[in-house]
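Subject: Structure for you to look through

Hello,

Here is the structure I promised you. Please open it and keep it beside this email while you read.

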Amino acid sequence: MGYPHPRHPRETPVLSEHFGDPAARTLAGWKARGGYQALEQALAMDPVAVQNVVKDSGLRGRGGAGFPAGIKWSFMKPDGKPHYLCCNGDESEPGTFKDREIMRWTPHALVEGVATAMHAIYAETGYIYIRGEFTEPLEAVTAAVREAYAAGILGANAMGTGRRLDIHVHKGAGAYICGEETALMNSLEGKRGNPRIKPPFPAVAGLFGKPTTINNVETLTAAAHVVRRGAEWYKAMGRPDNPKSTGTKLFSVCGNVARPGNYEVTLGFPFKDFLWELCGGAPDGRRIKAVIPGGSSVPILTAEECEAVFMDYEGMAAAGTLLGSGGVIVFDDTADMPRQIARLARFYAHESCAQCSQCREGTAWTTRILERICRGEGSFEDLDTLLEIGEQMSGKTICVLSDSCATPVASGLRKFRHEFEAKIGKKQGKAFVPSAYPTGLTPAAAGSAP
Amino acid sequence: MTAPASPAAPASPPPPPSTVRLTIEGIPVEVPPGTSILEAAKQAGVLVPHYCYHPGLPVAGVCRMCLVDVEKFPKLAPACATAVADGQVVHVHNEKAKKAREGVLEFLLINHPLDCPICDQAGECELQDYTFQEGRADSRYREPKRFNPVEDFGGDVLYVPNRCILCTRCVRFMSDVAQDPVLNVSERGDRAFIGKAEGHDLTHAWAGNVVDLCPVGALLSKDFLNKARAWELDRSASVCTGCSQGCNVVLETRDNVVVRVKPRSNTAVNQYYACETGRLHYRWMNRRDRLEVPLVRGEAGVLVPAAWEQAIAAAARTLAAAPRLVVLASAGLSNEALYLLSRIRGPGGEGVFRVETGPEAPLAGAPDLALRADRAPNGRGAELMGFARHDQPLAALQAGDTLLVADHDLAGLDLAALDRAGEIVVIGTTLPGELVSRVAVALPTCNVAEEEGTFTNLRGRVQRFLQAKAAPGEARPTWSVLGDVAEAMGRGRAPMLPADVFAALAGDHPAFGGLTYAGLGLRGLPVLDAAPAGGTS
């Protein structure tokens, strides 16, 4: 079992090794557990060599996109401009709470990862952007940074190497969209957290218009382990027949599941074993109905679809979904899927930054239709409208919040259409008889109603 | 952090090509690198529908209306925020792009009140236009619409949030061009609206531009509110008379009444903007207390209406008999009028004018653009025509001088000096009350909205204005009246057209050398030796 439960023997604790161990939170405790060796090693290396180790390890972005971390770092060239590292700790994807545990229990692991990455990208300044609601992680990371400064690990002469490494901790103000990388940069700059148009990409013009690398908390923490223990060690973890996904990954499990919590397994772990063996399946002898495997933005899987899936980027893609952030949301047979999906849509409608027309209006419209269906006032046309709105919301906006809202709706409608139809049919009084217009007008009379 | 040692100087890379060639809707175009697809499409004669993009504002890329299909791109690209690349093939009107636009239009309309019949913007609304062109005939929206109350933004601006499509043009204008960031996007999702900073109003001297920039009926001019429908208006190119900047404007009239002044873009003078003073500087053009017929003082000593021929002859006689002639000109007269006045004045006479002044109000984000201290359009022209600027121009009057008042309302003058005048002749739009008992002849003329001509702005740019409405009564264009008077005095032949006056003026005044009336076009040209006319051309 994963934290906060006793560890399951099939877990591979790398990042989560010291979860629940208060002694690991302090600098002394962290050093006693092998801390800051990675940074010391990295500072003795050429930045390009550090980039290459991470590149060789196959470590990919753990925030959701899965972009190879070493390649991202290698975009940063010593061009004389100030470089910045942003650590994205704005973990706000519904169902995801892995970074919170890293920051709560092993804040020094994150500081070490951030400092290591800063060296690798020629940056003197790094920002750790922590979600506004994360009070305890914020305190832990702030304390760790303070300790690291006091010990000379950070500052003008980091670990006595003459290299300047400054880390600032920034508290977000509570917007989901600020987890989007360019919105996070706007937020850090003191502006409204609106995503920026790309290009220019952050590696060209990011924070304060300067070359910037932005990585997830888990990615940076894992990178320190990679530097200390080598690319080969990291590469060895994963499905042998899939070298594209390597290492371990934290999965946050919540919903109708016997043992919710954070689990760390090697990528490529069988999803079936994960759900039923590690997490204990649905509680109280019920059956799992559906699973959102990678945070609320990814397509939903049915229980049957989960059986043959491997938990890595390629495995999830093969099943028509995404590994995402690793936030596993489990629904059992008591779950009302239309209501669950409406709740997700409401979240996105609430969090849309309001820049792009499709997202601002589409998320709210989707929500209103879904909530109307849940009130028993839906029509069968609504289902087609939902899919068409989703189509218009996908791939057309500055960031992917709009797509993220459309995705669970579309997959939920495809896989659980009968549940939606049942709600509509019930309202009709005679199940499954489509009615053209909810007002009861004939199509001709409804004609060009606005 | 050390830069890698550069190897022995490699051959310098070839200079980047100075132009990029691409194909837009099958039309080849060649544009400088860095141009957006949207601007390149304009050159191809293709309008990419858009809302948030405006050439005078930073690119936002938020309305997603200008999505175009670029071959080999995985997704539709925003034309406003995508730079051109060599060999690109862009489709603006294919199914994929049209379908996306249809989607945007449907989204923009779901919360829109569809109150075009009572909306001031109707008829000049881009939401209306594009929906008519390529939107859905109906909406699938069945939910209640979002509602927000109308808000007075202060100044001349009213905000109707229900019509707002959140293109943020107004926000960007206030923050980047006016540099007075009082507007913002407040709230998130479809609850978002344009907010105004607490305790601040849209009182910036240039804030009214947000009304023009708004592509829909969300920001309205209180001055124009419910005054006229856009399709009832007649529009004429003109030049603002509010100050010496010479902003290019459009005078909009309904039933021979000027009802609105809007800026006309001229990147060399006013970009796309006009200030509040300029926008509201039109009511005087509609004055009803005009001089409408020529008046001559009869034998009984009273002013009586006269035929034009007699009135002109009387005026010419009076002026020609002057021991010394002082011409008091308005700085709002055209170059043509001022030139003919200088003929009438002759070498022995004296020409004077006065310019009202007020505080200068620059538009920070635009080069060399301000509401100027000189609140008249043609002080520079008057100087070039040999008129002298005085704070108290009547001080030039010596005992017994004949005074010609050329369209001057005498505001701000020390009228005691009038007692020194001998005969007084008025040629203008009104007959000032102080002169009624003293004037020998009064000839009615057109005001700036009723005739055509040119002004010279403070940077020496000569710009044409056109006639916008008909003159009252028997009033005739100023240049025509003055030309006839000059001819009757034996000082040159009367011109047939304003272009004739301009040609004569250009021949007599070296500064205007090389300029022709037709060649000025509607954006004007600088006089010789003028300081570069403001801005970038």
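**Sheets of chain B**

Strand β3 (residues 67-70) of chain B pairs with strand β5 (residues 89-91) of chain B. The two are antiparallel and share two bridges. Strands pair here if DSSP finds at least two bridges between them. Helices (H or I, at least four residues) and strands (E, at least two) are DSSP runs, numbered from the N terminus. In this pair, Val70(B) stands opposite Val90(B) of β5(B). Helix α2 (residues 95-110) of chain B packs on the sheet and touches β3 and β5 of chain B. Its direction makes about 165° with that of β3(B).

Before you go on, note that this is a predicted model: local features need pLDDT of at least 70, side-chain atom pairs count only at pLDDT 80 or more, and totals for chains, interfaces and linings use all residues. Residues are numbered from 1 along each chain as its sequence is written, while chains are lettered from A and ligands numbered from 1 in the order in which they are written.

The pair belongs to an open sheet of five strands, ordered β2-β1-β5-β3-β4 (chain B), with mixed pairing. β2 (27-31) and β4 (77-78) of chain B are at the edges. Each has a single partner strand, so one side of each has no neighbour in the sheet.

Chain B also has an open sheet of three strands. Its order is β6-β7-β10, and the pairing is antiparallel. Here β6 (151-152) and β10 (219-221) of chain B stand at the edges, each with a single partner strand. Strand β7 (residues 157-159) of chain B is joined to β10(B) by three bridges. Tyr159(B) stands opposite Leu219(B) in β10(B).

**Chain A and its helices**

Chain A has 19 helices and eleven strands. Its radius of gyration, taken over C-alpha atoms, is 23 Å. Along the principal axes, the C-alpha atoms fill a box of roughly 80 × 45 × 40 Å.

Now look at helix α14 (residues 337-351) and helix α15 (residues 357-374) of chain A. They pack at about 155°, with axes 8 Å apart. Axes are lines fitted to C-alpha atoms, for helices over the stretch in contact, and angles run from 0 to 180 degrees between N-to-C directions. α14(A) and α15(A) are therefore roughly antiparallel (angles under 35 degrees count as roughly parallel, over 145 as roughly antiparallel, 65 to 115 as roughly perpendicular and the rest as oblique). Residues in the contact include Ala342(A) and Ala345(A) of α14(A), and Thr363(A) and Leu370(A) of α15(A). Two residues are in contact if their C-beta atoms, placed from the backbone, lie within 7 Å. By class, this contact has ten nonpolar, three polar and three charged residues. Ala, Val, Leu, Ile, Met, Phe, Trp, Tyr, Cys and Pro count as nonpolar, Asp, Glu, Lys and Arg as charged, and the others, Gly among them, as polar.

**Where the chains meet**

How many residues of chain A are in contact with chain B? The number is 33, and they touch 33 residues of chain B. α14, α15 and α16 (380-393) of chain A each supply at least two residues to that side of chain A. α15(A) gives the most, with ten. By class, this side of chain A has 13 nonpolar, 13 polar and seven charged residues.

Best wishes

Conventions: The radius of gyration is taken over C-alpha atoms; the globule rule is 2.2 Å times the number of residues to the power 0.38.
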